[in-house]
Each structure stands twice: as structure tokens, then as C-alpha cells.
Amino acid sequence: MHARVAAATTVALLGGTVLILPGPHARAGAVRSTDLVIVSHRGASAYAPENTLAAIDKAAAMGFLWVENDVQRTKDGELVVLHDASLARTTDVEQLYPQRAPWKVKDFTAAEIARLDAGSWFGPRYAGARVPTLKQYMSRVSHNHQKLVLEIKNPQLYPGIEQQTLKLLSNEGWLDPAHLKSRLIVQSFSADSVRAVHDLRPGITTAFLGTPPIAQLPQYARFADQINSDHTSLSSDYVSAVHVLHGPHGRPMEVFAWTVNDATTARQVAGLGVAGIITNVPDVVQGALR
């Protein structure tokens, strides 16, 4: 999916999902016809280093509209895009700062993190890729005309990160009616964090990451539009139980499944009735669902 693809001649909003109907000149990489959203997990992270600008550019080049990222905060209060609480797995922090184990994001300034190589671990082609700030990331997502599933990561480590994230999104023009209608989802594994986002900006589509017991789903429906679950925890009965409920915006609640990385699983998960699939290999999922 991609906003600039000629195939996307008609876009109909279905809650948090999109329906893309191909035009007569649809290019090979475009989604043909589906109401199931394909989200590139940390960008097209099977093909470029996760959560880098290169990863979202790769998703765009492949024709995919939705990307997902993770947001954390530096020692001096800068929001950066990185999945792990530690910098060790996806940067050369151990080489640059060998005495500062365990290399937590929260223990480094933005300037220190900006020095790190966040691409060489993936492959020499991406040597020198940087950990983007959230501001840099949002600028590139806007440039690519993409849509975003933004995860607030480890909010217990960063008091007030919800308000800070929303302020940055607002400054970047992402909390206007057009973006809120169809271009932004904010999610977290923390129910308190999702609730805080909803309370601060009720217009945002929100998602809880996890698979709460069915009996507890009505509580989540007060502040979450989606239940986004590990695909291994889902069943058709569970997805149906979510659909019965209406979220805070009066729409039936939806389910996005993660992280689905092969064709067989993609077809199985789609058959459960989910609204979206989050994947490192969006092209594989797209091919499986055609």
C-alpha cells in the first residue's frame, strides 16, 4: 500500500482500515483488493535495519502505506525511535561506549545516540544509518505519504512520555482531523499508557497490545479502538468477541495481529477476521492474501 500508487484510485475508510480498489494501471507492487491493512513492522524490517529511515523508505519503495515504530526517550528528554530499552542489539554502542553497560536508551543523551551506527549490524550496505529522532522519523513518514502505527515503548521508564509524544505529533501536523481519521494509531503494551493517550487526545485511534481475557474486553473498549495481539494467541472466537464491542469512538473494535512472517500463517490469521496484519515481510503477506 502506498499513497502515491496509481492503483489506489478509491479509498474507503472502514474504522481503522482502508479498502484500496485498483485502477486500470495498477503497478505490480500494489495491493490489489483487500480490506485488511498490512503494516510494515518497524518499517520493512526484513529488508532494512529496523526503525531506521531506510526501513520506512524501503516499505514505501515496495508500495506499502502503513509502517509501525517504537518510541523511547533519551537522558536529556529527546524522543527517539528504537525498539529495545538497550541500544546494544541494533547499534555499535558497546564499541563507542564500552564502559557504560547495560547501554540503556534512558542513560544516553540524544547527541551521544546520534553518533551511533544503527545499520552495520544488519549489513554493510546500511553502515552509518542512524537512530532517528521521532521528529526526523515523522518528517520522513510525511514525506513518503505513509501512515503510522506508533508504539509508546516502556512508558514506565519515561514518565509523561504520552503527553510529550502527542505534543510532538501535534507540532508535526499529525493531530489534525485528516490524520486522526485515517493515518495514525497509537498503541502500547501498557493499558495505563493507552488510557492516558485517549484521555489527553480522545480523537486518536488507540490500540492495546496484548490479548486480555474476553471478560475484561469491555473495560478496554472504554479507551481502546483496537486489541492488537500476538497472532499465536488469537482464535476466531476471540476476534469475534472483540468485534461485538464498540470502542470509544463508537466503532466496532478491531484486531491487528503481529508478527506474521510467512504466507501460510498470513492466510490462517486473515481467516480469523482480523482487520490488520503487522509483518516484517509485507510483500510476503500481500502475496499470500491476493
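A nonpolar core is a set of buried Ala, Val, Leu, Ile, Met, Phe, Trp, Tyr and Cys residues joined through side-chain atoms within 4.5 Å. Buried means under 20% relative accessible area, exposed over 50%, and partly exposed in between, with a 1.4 Å probe and protein chains only.

The model is predicted: local features need pLDDT of at least 70, side-chain atom pairs count only at pLDDT 80 or more, and totals for chains, interfaces and linings use all residues. Residues are numbered from 1 along each chain as its sequence is written, and side-chain values use heavy atoms, with hydrogens and water left out.

**View 1. The chain as a whole.** Eleven helices and eleven strands are present in the chain; helices (H or I, at least four residues) and strands (E, at least two) are DSSP runs numbered from the N terminus. Of the 290 residues, 55% are buried. Contact means heavy atoms within 4.5 Å. Among contacts between residues at least 6 apart in sequence, 59% join residues at least 24 apart.

**View 2. The nonpolar cores.** In soluble globular proteins, nonpolar side chains tend to be buried together. The largest nonpolar core here has 68 residues, and Y137 and V274 touch the most other members. Apart from neighbours within four places in sequence, V274 contacts L36, L234, V239, V255, A257 and V269. A second, separate core has twelve residues, among them V39, I185, A207 and A275.

**View 3. The buried side of helix α4.** Helix α4 spans residues 134-143, and L134, Y137, M138 and V141 are buried in this helix. These residues lie on the same side of α4 because they cover an arc of only 95° around the axis; the arc is that of the directions from the helix axis to the C-beta atoms. The cover over the buried residues of α4 includes α1 (53-61), β4 (66-73), β5 (79-81), β6 (147-152) and α5 (161-171). H145 follows α4 and has a positive phi, near 55°.

**View 4. N69 in strand β4.** N69 is found in strand β4 and is buried, with a relative accessible area of 0%. Leaving aside neighbours within four places in sequence, N69 is in contact with N51, V81, L134, Y137, L148, V149, L150 and E151. Between N69 and I56, 13 residues apart in sequence, the C-alpha to C-alpha distance is 9.4 Å.

**View 5. Aromatic pairs around Y220.** Rings of Phe, Tyr and Trp (its six-membered ring) pair if their centres lie within 6.5 Å; planes under 30 degrees apart count as stacked, over 60 as edge-to-face and the rest as tilted. The count by this rule is six aromatic pairs. One of them is the tilted pair of F208 and Y220, at 4.7 Å centre to centre with 45° between the planes. F208 lies in strand β8 (residues 205-209) and Y220 in helix α8 (residues 217-220), so this pair ties together parts twelve residues apart in sequence. Both F208 and Y220 are buried. Y220 and F223 also form a tilted pair, because their ring centres are 5.7 Å apart and their planes are at 50°. The relative accessibility of Y220 is 14%, and that of F223 is 5%. Elsewhere, ring pairs link W121, F122 and Y126 into a cluster.

**View 6. Arginines over aromatic rings.** A charge sits over a ring if NZ of Lys or CZ of Arg is within 6 Å of the ring centre and within 35 degrees of the ring normal. R100 lies over the face of F108, 4.0 Å from the ring centre. The charged end of R183 sits over the ring of W174, at 4.8 Å from its centre.

View 7. P102 lies in the loop between α2 (93-96) and α3 (110-114). A cis peptide bond joins A101 and P102, with omega of about 10°. W103 is found in the loop between α2 and α3, and its phi is near 60°, a positive value in a residue other than glycine. W103 is buried, with a relative accessible area of 14%.

View 8. W258 and T259 are joined by a cis peptide bond with omega of about -25°. T259 is in the loop between β10 (254-258) and α10 (263-270). R42 is in the loop between β3 (37-40) and α1. The phi of R42 is positive, about 55°, although R42 is not a glycine. At 13% relative accessibility, R42 counts as buried.
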